[in-house]
Amino acid sequence: MLLLSFCQKRLLPLVVVLLVWGGHTAELKAQDLDSLEQELQRINNPREKTEALVKVAGQYLTINPSLSEQYANEAVQAAGSGYAEGRGKAYLLLGQLAKNKFQFDQTMAYYSQALSIFRQNDQRDMAARA
């Protein structure tokens with residue numbers, strides 16, 4: 001009983017700090033997303049727009065998968081044929097989203113597209129992720 005009371009007194013401040021820090025992290029993430037989404041409205045360069053869309057899609061990956069998918073698809077469109085690496089990154093995200101939904105055929109299709117793009121552009125570090 002004495003040991004339990006001692007542990008509770010020692011762990012309580014740590015638990016409080018972790019809870020406050022976790023809430024603060026979520027607040028910072030929301031602020032980051034808001035600023036990224038505002039930045040998207042100002043970007044005209046296809047390469048920069050693709051990178052921003054991929055970044056926003058990655059941020060939404062776990063908190064709002066359908067919005068993440070929307071941004072990833074926009075990134076594919078923004079990249080077009082002129083920015084293959086960005087298109088490949090977007091396909092990686094779409095693959096992750098499909099995997100999270102247990103759509104394994106679609107997962108493999110997206111990862112294969114990403115891998116093909118990265119191999120064609122000799123981007124071995126990115127190909128390793130696909």
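**View 1. Phe 102 sits in the loop between α4 and α5.** Helices here are DSSP runs of H or I with at least four residues, strands are runs of E with at least two, and both are numbered from the N terminus. This is a predicted model, in which local features need pLDDT of at least 70 and side-chain atom pairs count only at pLDDT 80 or more, while totals for chains, interfaces and linings use all residues. Residues are numbered from 1 along each chain as its sequence is written, and side-chain values use heavy atoms, with hydrogens and water left out. The phi angle of Phe 102 is near 60 degrees, a positive value in a residue other than glycine. Is Phe 102 buried or exposed? Phe 102 is exposed, with a relative accessible area of 64%; the cut-offs are under 20% for buried, over 50% for exposed and in between for partly exposed, using a 1.4 Å probe and protein chains only.

**View 2. The chain as a whole is built from 6 helices and 0 strands.** Following the sequence, you will read the pattern α-α-α-α-α-α. Of the 130 residues in the chain, 32% are buried. Contact means heavy atoms within 4.5 Å. Among contacts with a separation of 6 or more, 45% join residues 24 or more positions apart.

View 3. Axes are lines fitted to C-alpha atoms, for helices over the stretch in contact, and angles run from 0 to 180 degrees between N-to-C directions. The crossing of α4 and α5 is left-handed, meaning that the near helix is turned anticlockwise from the far one by less than a right angle. On the α4 side, the contacting residues include Tyr 91, Leu 92, Leu 94 and Gly 95, and on the α5 side they include Thr 107, Tyr 110, Tyr 111 and Phe 118. By class, the residues of this contact divide into 11 nonpolar, 6 polar and 4 charged. Ala, Val, Leu, Ile, Met, Phe, Trp, Tyr, Cys and Pro count as nonpolar, Asp, Glu, Lys and Arg as charged, and the others, Gly among them, as polar.

**View 4. Thr 107 is a residue of helix α5.** Where does its side of the story lead, into the buried or the exposed class? Thr 107 is buried, with a relative accessible area of 4%. Leaving aside neighbours within four places in sequence, Thr 107 is in contact with Gly 95, Ala 98 and Lys 99.

**View 5. Helices α2 and α3 pack at an angle of about 165 degrees, with their axes 8 Å apart.** That makes α2 roughly antiparallel to α3. The crossing of these two helices is left-handed. Leu 53, Val 56, Ala 57 and Tyr 60 are among the α2 residues that take part, and Tyr 71, Ala 72 and Ala 75 are among those from α3. The contact of α2 with α3 has 13 nonpolar, 2 polar and 2 charged residues.

**View 6. Helices α3 and α4 pack at an angle of about 155 degrees, with their axes 8 Å apart.** This angle makes α3 roughly antiparallel to α4. Again, α3 passes α4 in a left-handed crossing. Residues that meet here include Ala 72, Val 76 and Ala 79 in α3 and Ala 90, Leu 94 and Leu 97 in α4. Sorted by class, the contact has 10 nonpolar, 3 polar and 2 charged residues. Glu 74 also lies in helix α3 and is partly exposed, with a relative accessible area of 33%. The C-alpha atoms of Glu 74 and Ala 90 are separated by 8.7 Å, with the two residues 16 apart along the chain.

**View 7. The largest nonpolar core holds 29 residues.** Such a core is a set of buried Ala, Val, Leu, Ile, Met, Phe, Trp, Tyr and Cys residues joined through side-chain atoms within 4.5 Å. Val 56, Tyr 71, Tyr 91 and Leu 94 touch the most other members. The elements giving two or more residues to the core are α1 (2-42), α2 (46-60), α3 (65-79), α4 and α5. Which helix gives the largest share? That is α4, with 8 residues. Not counting residues up to four places away in sequence, Tyr 71 touches Glu 37, Leu 40, Leu 53, Val 56, Ala 57 and Tyr 60.

Terms used:
Angles under 35 degrees count as roughly parallel, over 145 as roughly antiparallel, 65 to 115 as roughly perpendicular and the rest as oblique.
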